[in-house]
Amino acid sequence: MIDPQDYAEFSRFLSECCGLVLGENRQYLVSSRLSRLLGEFSFSSVEELLRALRRSADPTLKSRVIDAMTTNETSWFRDVYPFEILRHVVLPELAEKKRPIRIWSAACSSGQEPYSIAMVLAEWEQSFPPKNIQTSVLGTDLSDTVLAEARAGVYDGLGIVRGLSKERRDRFFETVPNGHRIKPDIQRRVRFQKLNLMESYAALGKFEIVFCRNVLIYFSAETKRRVFDGIARQMEPGGYLFVGASESVGSYTNAFEMVRTPKGAVLRRR
């Protein structure tokens with residue numbers, strides 16, 4: 001069992017650096033997720049690793065600990081309806097403005113969400129050819145590990161089948177020895193960048209569409225307020241924010257209004 005003082009200090013570290021709130025009596029979770037790092041960094045116990053984290057300025061150790069503690073659960077076209085709203089409601093409306101459409105996928109993990117968005121863009125452009133509308137997708141995450149996987153764009157096993165139809169797999173992927181790789185025309189649409197949601201987003205520029213789905217579930221109320229306000233500042237008026245099906249922003253910011261569509265509900269920047 002982790003010493004209560006070590007656990008309390010580690011909980012503060014996680015909250016400050018990435019917003020994650022552990023809560024009480026989650027020592028087993030910490031031990032199980034950090035156990036793989038013990039051999040890699042030659043620590044004899046989780047307690048020793050935590051003490052080294054407190055003393056060390058090594059960014060690699062800090063990054064690996066954060067990687068181990070953050071959940072990178074994702075799938076293709078997760079929940080389906082946000083991507084239906086994107087294709088049939090949001091993109092046609094924004095295209096009428098004749099301006100470039102920039103899309104941000106926050107906490108994108110290993111890339112399934114931004115690549116799903118890029119596939120929707122390709123399908124929309126083929127079905128409803130817009131004239132001279134530039135589109136781009138930015139995927140951000142704080143984990144170097146998952147960003148490397150996203151940039152590679154190679155998926156196998158559950159990583160290729162969860163949420164992905166055979167038609168889309170055949171159209172947008174090519175078979176390689178170690179799995180399935182996103183085809184270049186989709187990969188070129190997406191850029192990946194390291195970003196911690198606890199830091200400033202100002203350098204990202206403005207977006208017409210933001211996906212921040214199932215990201216802030218374990219964040220404190222104050223952190224949620226800060227993140228949603230920060231996202232709002234990076235959005236153009238009339239832009240759209242997609243959050244998780246069980247998430248609500250009304251308690252944290254008044255920058256958005258809910259819009260109900262035949263495909264489901266989405267938030268619009270006031």
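Angles under 35 degrees count as roughly parallel, over 145 as roughly antiparallel, 65 to 115 as roughly perpendicular and the rest as oblique. This is a predicted model, in which local features need pLDDT of at least 70 and side-chain atom pairs count only at pLDDT 80 or more, while totals for chains, interfaces and linings use all residues. Residues are numbered from 1 along each chain as its sequence is written, and side-chain values use heavy atoms, with hydrogens and water left out.

**View 1. Helix α1 (residues 4-18) packs with helix α3 (residues 46-55).** Helices (H or I, at least four residues) and strands (E, at least two) are DSSP runs, numbered from the N terminus. The angle between α1 and α3 is about 50 degrees, and their axes lie 11 Å apart. Axes are lines fitted to C-alpha atoms, for helices over the stretch in contact; angles run from 0 to 180 degrees between N-to-C directions. The two helices α1 and α3 are therefore oblique to each other. Their crossing is left-handed (the near helix is turned anticlockwise from the far one by less than a right angle; clockwise would be right-handed). From α1, the contact (heavy atoms within 4.5 Å) takes D6, E9, F10 and F13. From α3 come E47, L50, R51, L53 and R54. The residues of this contact divide into 4 nonpolar, no polar and 5 charged. Ala, Val, Leu, Ile, Met, Phe, Trp, Tyr, Cys and Pro count as nonpolar, Asp, Glu, Lys and Arg as charged, and the others, Gly among them, as polar.

**View 2. α1 also packs with helix α4 (residues 59-69).** Here the angle is about 95 degrees, with the axes 11 Å apart. That makes α1 roughly perpendicular to α4. F10, F13, L14, C17 and C18 of α1 meet K62, V65, I66 and M69 of α4. By class, this contact has 8 nonpolar, no polar and 1 charged residues.

**View 3. The largest nonpolar core has 39 residues.** Such a core is a set of buried Ala, Val, Leu, Ile, Met, Phe, Trp, Tyr and Cys residues joined through side-chain atoms within 4.5 Å. Buried means under 20% relative accessible area, exposed over 50%, and partly exposed in between (1.4 Å probe, protein chains only). W76, L86, Y115, M119, F173, I209 and F242 touch the most other members. Elements giving two or more residues include α5 (81-95), α6 (112-127) and β8 (235-242). The largest share, 8 residues, comes from α6. Beyond its neighbours within four places in sequence, L86 is in contact with L91, P92, I117, V120, I209, F211 and F242. Another core, of 26 residues, lies apart; I2, C17, L22 and F43 are among its members.

**View 4. Q112 and E123 both sit in helix α6.** Q112 is buried, with a relative accessible area of 6%. Q112 and T74 are 38 residues apart in sequence, yet 6.7 Å apart in space, C-alpha to C-alpha. Leaving aside neighbours within four places in sequence, Q112 contacts T74, S75, W76, Y155 and G159. E123 is buried too, at 9% relative accessible area.

**View 5. R162 lies in the loop between α8 (158-161) and α9 (166-172).** R162 is partly exposed, with a relative accessible area of 34%. R162 and W76 are 86 residues apart in sequence and 6.1 Å apart in space, C-alpha to C-alpha.
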